[in-house]
Amino acid sequence: MQFAKKLHGVLGLLDVTADALAATWDLQSEVSGEEKFHATGTIKPTIH
Amino acid sequence: MARSQSRKNEIHARPVCIEVHDDVDRTLIHQPTTILKKGPMNKKPPISRILKPKPRTRSALPSWHNGADPEIHLYARSLQNAAKTLVGKLEPQLDHETGQSPRTDWDACPIVLLYREAIELHLKALVGEGSNFLKTRTDPISLSQTHSLRWLAQIVCQIIRRVGWESDFTCEGVSSLADFSALVNEVESFDPVTRAIRSAGAKDPNPARISIGYSTSCSSQKSCTAF
């Protein structure tokens with residue numbers, strides 16, 4: 001029973017960690033994408 | 001008879017009242033329409049948006065699950081729930097006459113199998129998400145084909161070290177990456193039957209002729225006493 005509890009804990013831990021990794025990767029990708037966009041500097045602001 | 005009765009239940013003919021103009025052919029009016037009776041099988045159960053997993057990977061790179069991330073997640077969770085239910089059933093049930101438990105050590109084997117499958121899928125999911133952080137991405141084909149918990153656990157440890165989450169990667173009974181690896185290795189050592197079936201299946205394409213060649217005196221006994 002104790003071993004089963006341990007395994008339940010590990011399964012939960014793996015699940016949460018996978019979610020956290022995916023979120024972290026998405027966040028990093030978004031940030032790097034924005035940086036690239038701002039770093040290019042080829043797009044000039046629209047003048048009305 | 002039963003078939004015709006069920007057909008009667010399914011099909012209902014009823015006239016349709018349609019407001020028509022004079023230029024419409026009146027033979028088309030009052031045509032019976034066939035509708036399916038809304039039985040319990042046709043009604044879709046409501047799905048909670050909270051419980052429905054969303055696909056994690058949005059990368060255009062090839063993935064080990066080929067886009068079936070939510071389904072695999074649900075499958076892994078079902079395996080875990082099934083294992084939990086079986087564990088509850090295996091709790092000591094003493095026979096009133098003999099005073100001994102009627103269960104045998106072999107009764108725990110399906111639980112080991114269910115937990116093993118669930119852990120394998122969860123490890124693969126984590127490696128699939130986390131291999132982006134590694135210098136060399138894990139090959140998705142190797143990831144989809146492997147059944148080695150040890151190998152998957154090693155990559156998981158590499159990912160956790162890479163992102164610096166060692167202190168957070170803990171739970172009840174697991175206080176370090178070493179504990180985690182030891183637990184996964186223990187689960188893998190419990191499972192001689194699955195390995196025997198898989199290795200036999202790899203050699204023989206006909207699953208009906210697979211013979212399970214394993215020693216009953218090995219770790220199967222160990223697995224049963226653990227629960």
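**The core and the helices around it**

The largest nonpolar core contains 39 residues, and those with the most contacts inside it are B:Tyr115, B:Ala118, B:Ile119, B:Leu123, B:Leu126 and B:Val156. Two or more residues of this core are given by each of these elements: α1 (2-40) of chain A, and α2 (69-89), α3, α5 and α6 (177-189) of chain B. The largest share, 11 residues, comes from α3(B).

Some terms need explaining. A nonpolar core is a set of buried Ala, Val, Leu, Ile, Met, Phe, Trp, Tyr and Cys residues joined through C-beta atoms within 7 Å. A residue is buried if 20 or more other C-beta atoms lie within 10 Å of its own, exposed if 12 or fewer, and partly exposed in between, with C-beta atoms placed from the backbone. Two residues are in contact if their C-beta atoms, placed in that way, lie within 7 Å.

This is a predicted model, in which local features need pLDDT of at least 70 and side-chain atom pairs count only at pLDDT 80 or more, while totals for chains, interfaces and linings use all residues. Residues are numbered from 1 along each chain as its sequence is written, and chains are lettered from A and ligands numbered from 1 in the order in which they are written.

Let me turn to the chains. Chain A has one helix and zero strands, and buried residues make up 21% of its 48 residues. Chain B has eight helices and two strands, in the order α-β-β-α-α-α-α-α-α-α along the sequence. Helices (H or I, at least four residues) and strands (E, at least two) are DSSP runs, numbered from the N terminus. In chain B, 22% of the 227 residues are buried.

Which residues does B:Tyr115 touch, beyond those up to four places away in sequence? They are A:Leu7, B:Ala83 and B:Val187. B:Tyr115 lies in helix α3 of chain B and counts as buried because 28 other C-beta atoms are within 10 Å. Its C-alpha atom is separated by 7.0 Å from that of B:Leu79, 36 residues apart along the chain.

B:Ile119 touches A:Val10, A:Leu11, B:Leu149, B:Val184 and B:Val187, again leaving out residues up to four places away in sequence.

Now the helix pairs. The axes of α2(B) and α3(B) come within 9 Å and cross at roughly 150°. Axes are lines fitted to C-alpha atoms, for helices over the stretch in contact, and angles run from 0 to 180 degrees between N-to-C directions. These two helices are therefore roughly antiparallel to each other, a term for angles over 145 degrees. Their contact has 15 nonpolar, three polar and one charged residues. Here Ala, Val, Leu, Ile, Met, Phe, Trp, Tyr, Cys and Pro count as nonpolar, Asp, Glu, Lys and Arg as charged, and the others, Gly among them, as polar.

Helix α3 (residues 109-130) also packs with helix α5 (residues 149-163) of chain B, at an angle of about 35° and with the axes 9 Å apart. The residues of that contact divide into 10 nonpolar, one polar and two charged.

Finally, how many residues of chain A are in contact with chain B? There are 21, and they meet 25 residues of chain B. On the chain A side, 12 are nonpolar, four polar and five charged.

Definitions and conventions. Angles under 35 degrees count as roughly parallel, over 145 as roughly antiparallel, 65 to 115 as roughly perpendicular and the rest as oblique.
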